[in-house]
Amino acid sequence: MELLRPSRSAVLGGLIGAGTAIVVALLADVFSEVIPFTGLLILMIALIGLSLGAPAAAYAYIAASSVVVILILGPHEGAAIGIDDAIRLLSFVIGSPFVVWLALRTDREMHAADLARRASDRAEQRAQGE
């Protein structure tokens with residue numbers, strides 16, 4: 001459950017995720033769309049995962065999902081959710097957790113590489129000492 005452990009970067013990721021979801025929702029409102037442009041949300045989650053790590057990407061996904069759910073449940077002034085909206089929503093629901101998983105794998109690989117580098121440095125220092 002290290003993925004959901006709160007930290008500064010995770011909270012920052014959540015704030016960026018919520019802010020981006022609101023901006024994307026406003027853009028969708030300008031174009032009279034019911035569901036926000038989720039491709040931008042997936043891209044934002046990927047960028048947060050690469051820059052701040054997997055926990056921040058998970059928090060960004062949770063925050064953005066919350067905003068999208070609130071928007072879906074709100075009034076739509078007679079507009080119905082069409083097939084294009086459903087495809088966008090499905091891409092967000094499937095794509096974003098996949099991006100978070102990739103960020104988690106990257107974090108774990110970087111941690112393993114760091115441990116290997118440290119072990120190599122210690123072995124080199126011992127070899128030079130002998």
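This is a predicted model: local features need pLDDT of at least 70, side-chain atom pairs count only at pLDDT 80 or more; totals for chains, interfaces and linings use all residues.
## The nonpolar core

Start inside. The largest nonpolar core has 17 residues. L41, M44, I45, A64 and F92 have the most contacts within this core.

I45 shows how the core is joined up. Leaving aside residues up to four places away in sequence, I45 touches A57, A60, Y61, F92, S96, V99 and V100. F92 is also among the core residues with the most contacts.

## Helix α1

Next comes α1. This helix has 23 residues. At 1.5 Å a residue they should span 33 Å, and the end C-alpha atoms are 33 Å apart, so the two values agree.

Several residues of α1 are buried: A10, G13, G14, G17, A21, V24, A25 and A28. Their cover includes α2 and α3. Just after the helix, S32 takes a positive phi of about 60°.

## A buried arginine

What does R88 touch? Its contacts are E33, I35, P36, F37 and T38, not counting residues up to four places away in sequence.

## Aromatic pairs

The structure holds two aromatic pairs. One joins Y61 and F92. Their centres are 5.5 Å apart, with 50° between the planes, and the pair is tilted. It links distant parts of the chain: Y61 sits in helix α3 and F92 in helix α4, 31 residues apart. F92 has a relative accessibility of 2%, and so counts as buried.

F98 and W101 also form a pair. The ring centres are 5.7 Å apart and the planes meet at 35°, so this pair is tilted. Here both residues lie in helix α4. They are three residues apart, about one turn of the helix. An α-helix has 3.6 residues a turn, so residues three or four places apart point the same way.

How accessible are these two residues? F98 is at 47% relative accessibility, so it counts as partly exposed. W101 is at 43%, and it too counts as partly exposed.

Notes
Residues are numbered from 1 along each chain as its sequence is written. Side-chain values use heavy atoms; hydrogens and water are left out. A nonpolar core is a set of buried Ala, Val, Leu, Ile, Met, Phe, Trp, Tyr and Cys residues joined through side-chain atoms within 4.5 Å. Buried means under 20% relative accessible area, exposed over 50%, partly exposed in between (1.4 Å probe, protein chains only). Contact means heavy atoms within 4.5 Å. Helices (H or I, at least four residues) and strands (E, at least two) are DSSP runs, numbered from the N terminus. The expected span of a helix is 1.5 Å times one less than its number of residues. Rings of Phe, Tyr and Trp (its six-membered ring) pair if their centres lie within 6.5 Å; planes under 30 degrees apart count as stacked, over 60 as edge-to-face and the rest as tilted.
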